[in-house]
Each structure stands twice: as C-alpha cells, then as structure tokens.
Amino acid sequence: MTAKITSAPTVIRTIAQMREAIRAYRKEAGAAASVGMVPTMGFLHEGHASLIGKSSQENGLTVLSIFVNPLQFGPNEDFERYPRDEAGDLAVAARAGADLVFLPSVAEMYPIPAATQVTVSGVTERLCGASRPGHFDGVGIVVTKLFNIVQPDRAYFGLKDAQQVAVVERMVADFNQPVAIVPCPIVREADGLAMSSRNVYLSADERREALVISGTLAKAPAWIESGMNASQLTAAVKEGITASPLADIDYVEVLTYPGLQPPASDAALSESESGGRIIVAAAVRFGRTRLIDNILISFPEAHS
Ligand code: AMP
C-alpha cells in the first residue's frame with residue numbers, strides 16, 4: 001500500500017454531491033476501487049481516528065460521516081447539547097487519513113420524516129436496547145441511509161459500542177447489504193477510561209471516579225478464571241462499580257456475544273461458554289453523563 005500524503009479532506013454537505021464524488025472515484029480507480037466508511041457523530045477523538053486510520057490503510061478512499069442523528073436520541077437525552085466542533089473534527093479527519101467528510105444537515109438527511117422502520121430484534125432486547133427505547137431503530141435508519149448514499153465496500157465500527165456492532169452486523173446480513181462490517185478495538189485514555197465524545201461533560205471529580213468502570217471490567221477475566229458464573233460475575237462487577245459514591249448504575253450484564261443473550265446455564269462461564277464469547281457490559285451515570293464500556297472475553301474450546 002502506498003503511503004498517503006496528509007491533506008485536507010473534501011467536505012461534502014449534500015447527498016447528490018456525495019454520490020457524485022463516489023461515482024467519480026470509482027470511475028477513476030476502476031477495478032481497484034475500494035471505499036471505506038466511518039460513520040460518526042463528530043467531536044472526534046483518538047477512538048474515531050483509529051477507525052479512520054484503519055479504513056485509510058485498507059481502502060483507496062475513506063469517507064468519514066459526521067452527523068448527530070436526532071432519531072437515535074430519546075426525548076430526555078442529550079441531542080441538543082451533544083458536543084460539536086466542526087473545525088476540530090476536520091483537523092482530526094485530515095491527520096487520520098479521511099479523504100471525504102460527509103457533513104449533512106438534518107434537513108438533508110430527513111427532508112420528510114422517515115415512514116420506514118429498521119428494527120433489529122433479538123440483539124436489541126437488552127443493554128442499551130432496553131435502557132434507550134428506539135435508539136437502535138434510529139441507528140438502523142441512519143446507517144442504512146449512509147450505506148445507500150456512500151455504498152462503501154467496508155464500514156468501520158468501534159467495539160466501544162459492541163451492541164451497535166452486533167445490530168449493524170445482523171441488519172447487513174438480514175438485508176444482504178453489500179458491505180463488510182469491520183469491528184475495531186476500544187481505544188482508551190492512558191488511565192483506562194474508554195474514549196468518548198461525552199467524556200467532556202464530566203467534572204474533575206466525575207472524571208476521576210469514572211475510572212471505576214474500566215478498572216472493574218478489567219478484573220472480569222481473573223474473576224472468570226476463578227470459576228464465577230454469569231450471575232456471580234454480574235454481582236462482582238456491580239459491587240466494584242458501586243465502590244465509587246458518584247456511580248449510578250444503569251445496567252451491568254454478562255451476555256453471550258454477538259447474540260446478546262444470557263448464558264444458557266448457571267455453570268462457571270469457562271465451562272458453559274467454551275468455544276464462544278461473552279461480553280461484560282456496563283452503563284453508568286456520573287452526574288448527568290451516561291458512560292458505557294465493556295470487555296469481550298473469548299473462551300477456548302474445551303478439550304476432554
Ligand atoms: P460516535 O461518534 O460516538 O457515534 O462513534 C462513532 C464510531 O466511533 C462508532 O463506531 C463508535 O463505536 C466508535 N468509537 C467511539 N469511541 C470509541 C473508542 N473509544 N474506541 C473505539 N471506537 C470508538
């Protein structure tokens with residue numbers, strides 16, 4: 001792969017211009033064309049940059065979208081105050097290797113309210129699907145629209161939002177959407193806090209206390225090794241997080257991944273899940289800020 005020279009990406013605000021830019025790229029690149037897409041809500045940090053960087057390594061053209069999608073926010077959530085910084089985002093986009101930045105308005109994406117629903121059942125029953133009703137329907141609509149507008153060969157999503165990865169993978173499989181979903185690892189601050197655009201909301205006290213989430217999740221593998229089953233592990237993680245007086249737990253759950261169902265038996269996880277994967281996922285409020293984090297754990301096949 002040839003090295004790319006960092007240059008300012010082209011900013012595109014309309015669907016028609018986005019389609020035209022992709023058409024022009026595909027015509028010029030011919031059979032070698034490959035388009036990678038990174039959907040985001042902006043206020044970019046190193047987590048987003050890692051997705052953009054991976055896409056730019058693996059594709060001839062990388063499209064970053066920045067769109068704070070009103071449909072995925074509940075009525076009492078933070079749509080209005082969600083942080084926005086277009087100039088800062090364009091600097092990160094350039095440094096990370098984006099070629100095109102799609103920055104549509106709400107009116108451009110939703111000239112009329114969408115009458116068509118995209119509801120993925122099963123994997124949305126728990127976690128954020130349960131605590132944020134309608135959230136994943138909004139994600140399903142916007143991701144489908146973005147895929148139809150850009151028609152990427154690959155789309156990059158962070159495992160910070162592991163349930164979103166499971167939802168999008170299932171949607172793409174069910175609808176035969178011609179895009180490969182590429183899950184990417186969680187990028188953390190040096191002290192372990194998962195990077196998030198919402199971290200800017202945290203006060204100094206909350207920022208310090210929020211470390212209890214990643215700190216507790218990091219203990220899960222050892223707890224599993226000690227023989228815990230799912231309910232013991234859930235209790236241990238809850239106890240670890242409530243050690244912080246500022247932590248208000250929304251959920252802590254131990255589920256299979258990517259199916260996102262409770263383990264079928266009460267046996268120690270290392271036995272019941274052999275050959276599979278589980279996720280230990282938490283959503284915790286610090287003041288008005290709701291943070292999510294998780295750890296994915298793979299189990300080797302048991303040998304008799
Ligand atoms: P957002 O802008 O929060 O909607 O996130 C856009 C994409 O970046 C999603 O696929 C997220 O999972 C991903 N992302 C956000 N934070 C991180 C992180 N700390 N590490 C890796 N990916 C992330």
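This is a predicted model: local features need pLDDT of at least 70, side-chain atom pairs count only at pLDDT 80 or more; totals for chains, interfaces and linings use all residues.
In total, 17 residues surround the ligand, and the closest of them are M41, G158, D161, V187 and M195.

Where do the shell residues come from? Helix α2 gives the largest share, at three residues.

| Residue | Protein atom | Distance to a ligand oxygen atom |
|---|---|---|
| M41 | polar backbone atom | 2.9 Å |
| H48 | N or O atom in the side chain | 2.9 Å |
| D161 | polar side-chain atom | 2.6 Å |

How much of the ligand's accessible area does the protein cover? On its own the ligand has 480 Å² of accessible area, and the protein covers 93% of that. M41 and D161 turn up both in the table and in the list of closest residues.

Helix α2 also links this picture to another part of the fold. Helix α3 spans residues 86–96, and its buried residues are D89, V92, A93, A94 and A96. What do these buried residues pack against? Their partners are α2 (46–58), β3 (61–66) and β4 (100–102). So much for the helix itself; just after α3 comes G97, whose phi is positive, at about 110°.

Methods
Residues are numbered from 1 along each chain as its sequence is written. Side-chain values use heavy atoms; hydrogens and water are left out. Buried means under 20% relative accessible area, exposed over 50%, partly exposed in between (1.4 Å probe, protein chains only). Helices (H or I, at least four residues) and strands (E, at least two) are DSSP runs, numbered from the N terminus. Contact means heavy atoms within 4.5 Å. A residue is near a molecule or strand if one of its heavy atoms lies within 4 Å of it. A polar contact is a pair of N or O atoms within 3.5 Å; within protein, one must be able to donate a hydrogen and the other to accept it, and residues adjacent in sequence count only if both atoms are side-chain atoms. Accessible areas come from the Shrake-Rupley method with a 1.4 Å probe; for residues, only the protein chains shown count as cover.
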